[in-house]
Amino acid sequence: MRLLSYMGQWKSAAKEVLDRTAIVAKFLCLLHVTNNYLCSPTLVYGPSMLPTLNLTGDVVLAEHVSHRIGKVGTGDVVLVRSPVDPRRILTKRVVGMEGDTVSFYVDPMYGQTTVVPKGHVWIQGDNTYASSDSRHFGPVPYGLIQGKVFFRVWPPDGFGTLEQ
Amino acid sequence: MVGLIGRLWNLQYKSIVKEASGKTLAVAKFFCVLHVTNTYLCTFALAYGPSMIPTFNLTGDMFLAERLSIKFGKVGPGDIVLLRSPESPRKVMVKRLLGLESHSVTYVVDPMNSDRCDTIVVPKGHVWVEGDNIYNSRDSRQFGPVPYSLLEGKVFCKIWPPKEFGSLMKSGMKDPDL
């Protein structure tokens, strides 16, 4: 008799746990969809985008809509999957789209000019002295662009859109 | 009398709206599940074009491609992969993977005109893809090694036409003497 009442209690407790889990799962799904297809906050760090982005780390908002509709252009700061290490995402500025002629300096004394091939973009860090970018690994296929950075959230004195 | 009719109409309207939104929610949930399965588990696609003859027909074959192997790095030479074209970011193409990073790949540069072969070492983070029909395929021999992140799926099963249904063998080279 007591066993039956315990089973009843357990059943209702299990049902409540499942309901709560379902709510949490739905929330995580919504978060995941927003992160991947709309807008996501990202922590970016490193010296390659000084002075635009700090060395020790900035939290920026990146939107994931523009690159799907072809609205990424020269001058945009973008999140790009590294062609050298598929697990890393880089933050660089687009300096040339396909068909553009790009002049760059790998070595301060020696300049080169290339034309960006079809379907690719040329990305460079703002701090050319400490950035590993298209000057080293060449133009990057457009399909590797993950998002466009448009807003900085942290640190608070850098709150706002990024300067060109 | 008018008030009664008004109240009845309200009740009907509310229940219709409730049923419609319930059905819409169910359809939306179904599409969400479909989208998640498509993007993260398994997708089917239609491949057309001459570059993968004889594995895939010219006019179009339907196949299943799974997405987990790519994320876990479990692809290797000989696999047929789905990848985003490095020349046209909106196009997805089907080719065979011939070399991973640091593999040495030997390929025929221009089989229509000469027998010249070239060897290249695939750079870090890249893969080398070629179509099975090297006479009519635009692949790594033209646009170079492709970054690994452009891979989107691994093809494992052909589902249309029905007489060619079945899993795709690792080595696509059919020896006519066998």
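Let's start with the contact between the chains. In this predicted model, 18 residues of chain A are in contact with 16 residues of chain B; contact means heavy atoms within 4.5 Å. The ground rules come in two sentences. Residues are numbered from 1 along each chain as its sequence is written, and chains are lettered from A and ligands numbered from 1 in the order in which they are written.

The area buried between chain A and chain B is about 1,300 Å². Carbon and sulfur atoms give 57% of that. Buried area here is the accessible area (1.4 Å probe) that two parts lose on being put together, summed over both. Helix 1 of chain A, residues 2-37, gives the largest share of the side of chain A that touches chain B: three residues. Helices are DSSP runs of H or I with at least four residues, strands are E runs of at least two, and both are numbered from the N terminus. By class, that side of chain A has eight nonpolar, seven polar and three charged residues. In this count Ala, Val, Leu, Ile, Met, Phe, Trp, Tyr, Cys and Pro are nonpolar, Asp, Glu, Lys and Arg are charged, and the others, Gly among them, are polar.

Over all chains, the structure holds 15 salt bridges. One to look at is A:Asp58 with A:Arg152, where the closest N and O atoms are 2.6 Å apart. This pair links distant parts of the chain, 94 residues apart: A:Asp58 sits in strand 2 and A:Arg152 in strand 9, residues 145-154.

Now the sheet in chain A. It is open, with seven strands in the order 1-2-9-3-4-7-8 and antiparallel pairing. Two strands pair if DSSP finds at least two bridges between them. The edges are strand 1 (39-44) and strand 8 (140-141), each pairing on one side only. Further in, five bridges join strand 3 (77-81) to strand 4 (89-96) of chain A, running antiparallel. A:Val77 has A:Arg93 of strand 4 as its bridge partner.

Next, the annotations. For chain A, an unreviewed UniProt entry lists "domain: Peptidase S26" at residues 24-107 and 112-154. For chain B, the unreviewed annotation covers 29-108 and 117-160. UniProt positions follow the numbering used here, feature names are shortened, and annotations may be inferred rather than shown by experiment. In chain A, residues 24-107 are 17% helix and 38% strand, with end C-alpha atoms 53 Å apart. In chain B, residues 29-108 are 21% helix and 38% strand, with ends 49 Å apart by C-alpha.

UniProt also marks an "active site" (unreviewed entry) at A:Ser48 and A:Lys92. They span 45 residues in sequence, yet no two of their C-alpha atoms are more than 7.9 Å apart, so they gather at one spot. A:Ser48 lies in the loop between strand 1 and strand 2 (58-63) of chain A. For chain B, the unreviewed annotation covers B:Ser51 and B:Lys95. These are spread over 45 residues of sequence but cluster in space, with a largest C-alpha distance of 7.9 Å. B:Ser51 is in the loop between strand 1 (42-47) and strand 2 (61-66) of chain B.

Last, the backbone. Most residues other than glycine have a negative phi, and most peptide bonds are trans. A cis peptide bond joins A:Trp154 and A:Pro155, with omega about 5°. A:Pro155 is in the segment after strand 9 of chain A. The bond from B:Trp160 to B:Pro161 is cis too, with omega near 0°. B:Ser102 has a positive phi, near 70°, and lies in the loop between strand 4 (92-99) and strand 5 (104-108) of chain B.

Definitions and conventions. Predicted model: local features only at pLDDT ≥ 70, side-chain atom pairs only at ≥ 80, totals over all residues. Heavy atoms only, no water. Salt bridge = Lys/Arg side-chain N within 4 Å of Asp/Glu carboxyl O.
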